[in-house]
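Please look over the sequence and the model before reading on.

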Amino acid sequence: MSDNVYNVLFLCNANSARSIMAEAILNRIGVGRFKAFSAGSRPKGKVNPYAVQLLESLNYDTSFARSKGWDEFAEPDAPEMHFIFTLCDSTANESCPIWPGHPMTALWSIPDPAKADGAEAELHLAFADAYRMLNNRISLFTNLPMGALDHLALQQHIDAIGRDTPKPN
């Protein structure tokens with residue numbers, strides 16, 4: 001891996017909640033080292049209002065947030081990705097585009113907060129839980145010694161983060 005900024009794409013079905021939150025988190029935590037993007041296999045076309053509300057309550061600028069398809073990142077003029085993290089099991093089973101540059105990939109499955117049922121408080125809790133899981137995984141990821149790990153070791157670490165069992169240093 002180079003000393004440059006690493007481009008990271010977070011994928012989900014609708015690109016309306018989990019992947020949007022992940023994009024915001026990484027762009028805050030990884031500023032200067034990482035540039036995050038998000039997309040969906042079947043974008044909903046709008047960002048979930050609970051995701052926007054949560055991010056804004058945590059002082060994130062949400063002006064970046066828009067639901068978009070993953071084909072946008074498979075185009076020849078798209079930024080070359082170094083890492084692609086799939087945040088839902090169903091997207092992991094779909095035929096993905098061929099990503100330029102052959103980025104490292106991992107499944108970081110997170111329950112979909114947009115599918116939560118219940119009272120208003122339960123819906124907010126579902127989004128807060130998804131945010132917490134994403135924040136924990138992204139924090140672990142950004143603290144990996146990118147330059148000190150070979151390709152195989154780095155792949156093992158990002159896979160382990162998705163299983164919530166990171167490898168010790």
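## The sheet

Four strands form an open sheet in the order β2-β1-β3-β4, with parallel pairing; strands are DSSP runs of E of at least two residues, helices are runs of H or I of at least four, and both are numbered from the N terminus. Two strands count as paired if DSSP finds at least two bridges between them. Because β2 and β4 stand at the edges with a single partner strand each, one side of each is left without a neighbour in the sheet. From one strand to the next, the twist averages 20 degrees.

The model is predicted: local features need pLDDT of at least 70 and side-chain atom pairs count only at pLDDT 80 or more, while totals for chains, interfaces and linings use all residues. Residues are numbered from 1 along each chain as its sequence is written, and side-chain values use heavy atoms, leaving out hydrogens and water.

## A strand pair and its helix

Seven parallel bridges join β1 and β2, and F10 stands opposite S38 in β2. Helix α1 packs on the sheet, touching β1 and β2 (contact means heavy atoms within 4.5 Å), and its direction makes about 175 degrees with that of β2; axes are lines fitted to C-alpha atoms, for helices over the stretch in contact, and angles run from 0 to 180 degrees between N-to-C directions.

## The nonpolar cores

A nonpolar core is a set of buried Ala, Val, Leu, Ile, Met, Phe, Trp, Tyr and Cys residues joined through side-chain atoms within 4.5 Å, where buried means under 20% relative accessible area (1.4 Å probe, protein chains only). The largest such core has 42 residues, of which F10, M21, F83, F85, W108, F141 and I158 touch the most other members. Its largest share, eight residues, comes from α4. Another core, of nine residues, lies apart from it and includes A39, W70, F73 and M81.

Technical notes:
Buried means under 20% relative accessible area, exposed over 50%, partly exposed in between (1.4 Å probe, protein chains only).
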